[in-house]
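Hi everyone, thanks for coming. Let's take a few minutes to get to know a new structure together.

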Amino acid sequence: MSGVSAFARGLGTFVGGIHPPEEKGLAAGAAIEVLPTPVEVRIALLQHLGAPCEATVKPRAEVRVGDVIGRSEAFVSAPVHASVSGTVSRDSVATLPNGRHVTVIPIRAAESQPLAGEALRDELFGGSWPLDEVDRRDPREIAEAARTAGLVGMGGAAFPTHVKLIRNDKKPIDTLLMNGCECEPFLTADYRLMLEAPIPLVAGTLLAQRATGAERAVICIEDNKPQAIEALRSAAAGTPIEVRVLKTKYPQGGERQLVLAATGRVVPGGGLPLEVGVVVMNIATAAALAGAVFRGRPLTHRVVTVSGRGIRNPKNLLAPIGATYGELIRYCGGVTKDAARVIAGGPMMGFTLGAADEASELIPTPVTKGTSGITILNREDVQRGAETACIRCGRCVEICPMRLVPTRLALAARAGNRELLARYHAAACVECGCCAYVCPARIPLVQLIRVGKLMARK
């Protein structure tokens, strides 16, 4: 395992990174609310890394919440399920925030839903969780339950969870890191889960540890979340789980940065955490894993933060997969008069959907398994000077957590030079946005690098 036999304690931080305004206070105190069942949901057949699903239902078919409506036989894929009970409509196409066009299955919700409101919340997060049964579960059963339930990484990467849980004798895992950092400004969905549902998070962590065979399981939280730290330490008491407090710095929640901060191990360029004996999972995924194994619950709902100074009532919402962004914005009271921009995700790594106005309540973009938040910024937030020439100050190099030279990558992208993009390791960029944040010339570095990476792949 890359010469590392014992658990190496990291320093709680990593090289580079920045400290942008956290802006967590807008929604951190807002308890999770259940979004009323929408009239219709639009469920994407591709909302994970890997092969897209094929529809398994026909128009006018009646489905119940939890029924499979799309699947793929590919190993790296995840089935999708109906998030409401209702009638299937003819499939259509939706554009996801990253610009990709995907097939969606519309379902018109029935008037009566088997699970809604607080009953749905209790089914997903409430009640008792049999922690003492974890050691009696077969590791393969846990991984298969994750696959059947369509679990993917809910921190944004959307990598099929069962792939991480299946043991690989050639690359044994000794450490499981559960990511509760949530370092992106404004977003508080994971924070509220840690406060309100710590027991299922602990249950899912123990199940993931059992599946992977990891000797140690560590829940990682930044030190700006003392209440979440206390809640999880209390919930994990009497279990082998360690709650590790890391220094607050963006992007602490990135896989490579988290592995270095928590263990001291360096994930090799182009490699994955498993190369150094580590599996990283998001804490929301852990809660979903507990539901899949102990309650047979597929992934049909997730918590989404709607925040920013451009939304009237910032909230954390338990929403069905396939609900539209407009539906969530409307439930939060709509946008303010000075709202200027709608972002899928947070302001550092998210994708801009467009200018915010009254029409934001009609945004048709569907919530997917990887949707962690919607951020609405006001005019003051988005004011920035005009782009000027690079002054070679080196700030982007100094703070890059991947030790790249972002300006060179941006120049190579603008020139369409694939050879230079490869030479300067464009593929290693995690698109965290640190470089664009500190650039005094206001060069859109991360956007240019994204274009360059796409160019190199093609």
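**A first walk through the chain**

Let's begin with contacts, meaning heavy atoms within 4.5 Å. Among contacts in the chain between residues at least 6 apart in sequence, 74% join residues at least 24 apart.

A word on what you're looking at: this is a predicted model, where local features need pLDDT of at least 70, side-chain atom pairs count only at pLDDT 80 or more, and totals for chains, interfaces and linings use all residues. Residues are numbered from 1 along each chain as its sequence is written, and side-chain values use heavy atoms, leaving out hydrogens and water.

Now the overall form. The radius of gyration, taken over C-alpha atoms, is 21 Å. That agrees with a compact globule of 458 residues, which would have one near 23 Å, by the rule of 2.2 Å times the number of residues to the power 0.38. As for burial, 55% of the 458 residues count as buried, that is, under 20% relative accessible area with a 1.4 Å probe, protein chains only.

The chain has 15 helices and 18 strands. These are DSSP runs numbered from the N terminus: helices are H or I, at least four residues, and strands are E, at least two.

Which strands form the open sheet? Four of them, in the order 12-11-10-13, with parallel pairing; two strands pair if DSSP finds at least two bridges between them. Strand 12 (242-246) and strand 13 (278-282) are the edges, each pairing on one side only. Strand 10 (residues 175-179) is joined to strand 13 by five bridges, and Leu-177 has Val-280 in strand 13 as its bridge partner.

Methods:
Buried means under 20% relative accessible area, exposed over 50%, partly exposed in between (1.4 Å probe, protein chains only).
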